[in-house]
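Dear colleague,

I am handing over the structure below, and I would ask you to look through it before reading on. My notes on what was found in it follow directly after.

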Number of protein chains: 2
Amino acid sequence: MVSISERRQRELAKRAELIVDAARELAEEQGWDAVTTRRLAERVEYSQPVLYSHFAGKDAIVDAVAVAGIAELTERLRAAVADASPGREAVGAAARAYFTFAVDHPAAYQAMFTLTTGLPFATDDAPQALKDSFDELTKVLPPASKNPGSLTEVFWSTLHGIAVLAASGRMRPEHQEERLSIVIDLFG
Amino acid sequence: MVSISERRQRELAKRAELIVDAARELAEEQGWDAVTTRRLAERVEYSQPVLYSHFAGKDAIVDAVAVAGIAELTERLRAAVADASPGREAVGAAARAYFTFAVDHPAAYQAMFTLTTGLPFATDDAPQALKDSFDELTKVLPPASKNPGSLTEVFWSTLHGIAVLAASGRMRPEHQEERLSIVIDLFG
DNA sequence: ACCGGAAACCTAGCAACGCTAGAACACTAA
DNA sequence: TTAGTGTTCTAGCGTTGCTAGGTTTCCGGT
């Protein structure tokens, strides 16, 4: 029967999701260093080699976590920007949503923006969710006089820089609110 | 004799430098993933365990590379800011020097600002060169009305964000000059 | 109902990793 | 010359990502 093989394919797809979710959970709990193929296999209650029937390797699993995280970040940005009047308020809402995501899901954030390089980013075949995220950031900024996109890149860089330097303990965590207000002054 | 043991200590110190330099070279040539204790030992023409008579572990070697890199970056920033009139020109000079360093020594830059977390950063006992670097960045900015340091943190975050996102292929490399001019507009 | 073939899955193992114990060596001081 | 102190090496431990090969399970046709 055809439907039977279809069901099996659905089950396989479910298991791929299961693996990605487990990897993300494990990374959030104990950091990416703790995400080994053995521990991951144990958590999903399968043997190690099944991972490789779904993903080309460990990096591909990290990539999958990154893609899922990008989709979630996009959703948060959209929600934050939606009910904010344009200008300073929108910039603040976007920045705050961005930082909140980075703080709430540090491992996912790492997978998205510091760990993997396997995903296409600044090209046409980048994940749609990524372009959407970028568009949300563009929306809150004043219309670019120069080459469009570059201002958004700088805005994104500032958000990313703050997120990653704060997360790695390289900036004083107690001054986060102040940094946020400076970002609003600069880009709002 | 005392002088003999002193000479031996000098030789040991030389070898520690040799190890750090070799680690940095290897990392710049082939990336940090290629820097294994075995390859590093082979390059300095000693056996693996000698590394551990100088450093607590591989992470400590990376930290040493980071410290050396920070000193070099500080020097470059100082030179760039020194002969630049205050204001937009100084901001541009500092930003350009920062990006140039990140591009010229990507592995050292990684060691300094993305890889290791073993070094104290935003505390009083941070390496002096690091505080000096921070001071150089502070100099080029307009006197802070709010809490001093926070504006510098945001400026640094922007530079770092651009450097790291560009280096990992997450931003269009051909728009670097444009991003630089936007940075000058924002902070100058 | 049964059996052949294919798909799915696991056990076992490889090379390389960071790191360490303990033997072998070299060199200084009496 | 010898005792003793450091220095350096060989060998090996546990863990990593990944894979080969055999075993099991299950679908599809007679």
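By class, the surface near DNA strand C has eight nonpolar, six polar and four charged residues, where Ala, Val, Leu, Ile, Met, Phe, Trp, Tyr, Cys and Pro count as nonpolar, Asp, Glu, Lys and Arg as charged, and the others, Gly among them, as polar. Please bear in mind that this is a predicted model, in which local features need pLDDT of at least 70 and side-chain atom pairs count only at pLDDT 80 or more, while totals for chains, interfaces and linings use all residues. Residues are numbered from 1 along each chain as its sequence is written, and chains are lettered from A and ligands numbered from 1 in the order in which they are written.

DNA strand D is surrounded by 19 residues, the closest of which are Thr36(A), Thr37(A), Gly57(A), Lys58(A) and Ser47(B).

As for the protein itself, chain A has nine helices and zero strands, and its C-alpha atoms fill a box of roughly 60 × 40 × 25 Å, taken along the principal axes. Of the 188 residues of chain A, 37% count as buried, that is, with 20 or more other C-beta atoms within 10 Å of their own, whereas 12 or fewer makes a residue exposed and anything in between partly exposed, with C-beta atoms placed from the backbone.

How are the two protein chains related? Chain A can be laid on chain B with an RMSD of 0.1 Å by a turn of 180° and a shift of 0.0 Å along the axis, the superposition being by least squares on the C-alpha atoms of residues with pLDDT of at least 70 in both. The two copies are therefore related as by a two-fold rotation axis. The same surface serves both copies, since 100% of the contact residues of chain A recur in chain B, a contact meaning C-beta atoms, placed from the backbone, within 7 Å.

In that interface, 28 residues of chain A are in contact with 28 residues of chain B. On the side of chain A that touches chain B, the elements giving two or more residues are helix 6 (106–115), helix 8 and helix 9 (176–187) of chain A, and the largest share, 10 residues, comes from helix 8 of chain A.

The axes of helix 8 (residues 150–167) of chain A and helix 8 (residues 150–167) of chain B come within 7 Å and cross at roughly 105°, with axes fitted as lines to C-alpha atoms, for helices over the stretch in contact, and angles running from 0 to 180 degrees between N-to-C directions. That makes the two helices roughly perpendicular (65 to 115 degrees; under 35 is roughly parallel, over 145 roughly antiparallel and the rest oblique).

With kind regards

Technical notes: Two residues are in contact if their C-beta atoms, placed from the backbone, lie within 7 Å. Helices (H or I, at least four residues) and strands (E, at least two) are DSSP runs, numbered from the N terminus. A residue is near a molecule or strand if its C-beta atom, placed from the backbone, lies within 6 Å of it.
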